[in-house]
Amino acid sequence: MLTQQIDNAIASHDIFADEAALRDTFAQVRREDPLHWTQAEGNPGFWAVTKHADVMEVGRANDKYINAPMIFLRDDEEDKVARADNAGKGTYARTLVNLDGADHRLYRGLTQAWFMPANIKRLDTLINDRARELVDKMAAIDGRCDFVNDVAIWFPLRVIMTALGVPESDHPMMLQLAQQMLAPKDPTLRRQVGSGVSAKAAVVKDFFGYFDKVVQDRRANPRDDLSSLIANSQVDGQPIGKMEVLSYFLILATAGHDTTANSLAGGLLALMQHPDQLARLRADPALLNTAVEEMFRWVAPVRHFMRTATVDSTIRGKTVRSGDLLMLCYPSANQDEEVFAEPQEFRVDRTPNRHLAFGFGAHACLGQNLARAELKAFFKELLARVKSIEIDGSFEWVRSNQVSGPKTLPIRCRF
């Protein structure tokens with residue numbers, strides 16, 4: 001029987017820092033009530049969508065289940081603050097994740113070609129160089145490091161920031177802002193603010209202030225970089241609006257690296273926790289493609305997105321009313337026993353692997369090809385050079401129901 005405690009856990013940030021509890025809790029929900037009306041204390045009611053087929057159904061019907069106005073679950077207090085910050089709207093930006101319908105298609109199209117495989121191929125040298133630099137760093141410190149904070153968070157950050165033309169001296173600031181944005185309740189990552197201003201508003205203000213200067217520069221002095229492409233994009237023959245252009249930078253400066261870093265660290269952790277699978281991958285590097293997909297399935301760094309029903313509909317025999325909130329539970333969908341054989345086993349040769357770590361439908365992750373390229377490049381470089389690698393102490397996960405992965409991961413490598 002699903003209890004109030006289960007409802008509270010589904011809505012919490014704490015459970016996403018405990019992978020065992022996360023898997024066990026959602027396995028119970030899938031068994032007992034897979035489309036579960038969740039009434040967590042201090043939160044609005046919502047449908048927890050826990051099955052793979054149902055997450056796909058909602059993702060596919062993006063006219064019936066829209067992103068606006070709530071992309072991540074906000075508890076009652078957060079919602080009150082968000083509405084106060086934004087004249088009752090509750091929305092801080094107009095990113096691709098916030099947009100629906102024609103607006104979403106239009107703005108996604110501005111950079112879609114840049115993120116396609118053919119163009120990502122042009123970044124191979126950049127990606128491989130960054131991977132090599134960080135593995136060199138690991139070797140230089142005798143193979144002992146906190147893999148998250150010394151390596152994983154920097155690799156995709158440096159790739160996307162270099163593509164944007166952001167100077168390396170500003171990368172640490174971009175990292176801190178992204179962590180504050182995506183882990184608003186984590187005790188060591190969240191933004192600390194005084195009275196009179198909310199943490200989310202302060203972070204968005206800092207992002208917008210920084211990238212407003214970038215936009216002005218690239219419009220005056222365009223370069224061959226992603227920032228110039230965005231800053232000079234047009235809609236109906238006119239430059240895109242200030243809110244839209246700054247929101248574009250906001251999503252790239254957060255989701256453009258944080259989710260990949262979580263997948264990288266969580267993927268390495270899974271390999272070390274399953275030494276037989278690590279040995280298989282080392283013995284047969286041709287398994288790298290399937291191994292990377294399994295890492296994405298296993299980690300599912302985007303913990304959920306919310307959708308709002310626009311019409312009455314039926315899912316799994318239950319009536320979802322217009323205006324109802326739905327939580328798309330990606331880690332649960334990626335553990336669905338009806339889709340994945342022995343889903344709680346990590347297998348580097350898993351195929352097929354219909355994971356939903358990048359979402360599904362019109363809002364599927366724009367940067368998924370870049371994320372795949374980055375993980376493949378890093379593990380190819382690392383596994384070709386290390387003789388052994390193991391966990392070297394206790395580790396912890398980011399406390400966030402938005403985007404999460406290992407927060408610390410001490411390792412020991414032998415080169």
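**Salt bridges in a predicted model**

Visitor: What's the relative accessible area of Asp312?
Guide: Asp312 has 47%, so it is partly exposed. Buried means under 20% relative accessible area, exposed over 50%, and partly exposed in between (1.4 Å probe, protein chains only). This is a predicted model: local features need pLDDT of at least 70, side-chain atom pairs count only at pLDDT 80 or more, and totals for chains, interfaces and linings use all residues. Residues are numbered from 1 along each chain as its sequence is written, and side-chain values use heavy atoms, leaving out hydrogens and water.

Visitor: Which residue forms a salt bridge with Asp312?
Guide: Arg321, with the closest N and O atoms 3.4 Å apart. A salt bridge here is a side-chain nitrogen of Lys or Arg within 4 Å of a carboxyl oxygen of Asp or Glu. Arg321 is also partly exposed, at 47%.

Visitor: How many salt bridges in the whole structure?
Guide: The search finds 34.

Visitor: What does Lys51 pair with?
Guide: Asp336, at 2.8 Å, N to O. Asp336 sits in the loop between helices H17 (330-333) and H18 (368-385), and Lys51 in the loop between strand E2 (46-49) and helix H3 (52-60), so the pair ties together parts 285 residues apart in sequence. Helices (H or I, at least four residues) and strands (E, at least two) are DSSP runs, numbered from the N terminus.

Visitor: Are those two buried or exposed?
Guide: Buried: Asp336 has 1%, Lys51 5%.

Visitor: New topic. Where do Glu19 and Arg23 lie?
Guide: Both are in helix H2 (residues 19-32), 4 residues apart, about one turn. Glu19 is buried at 9%, and Arg23 is buried at 14%.
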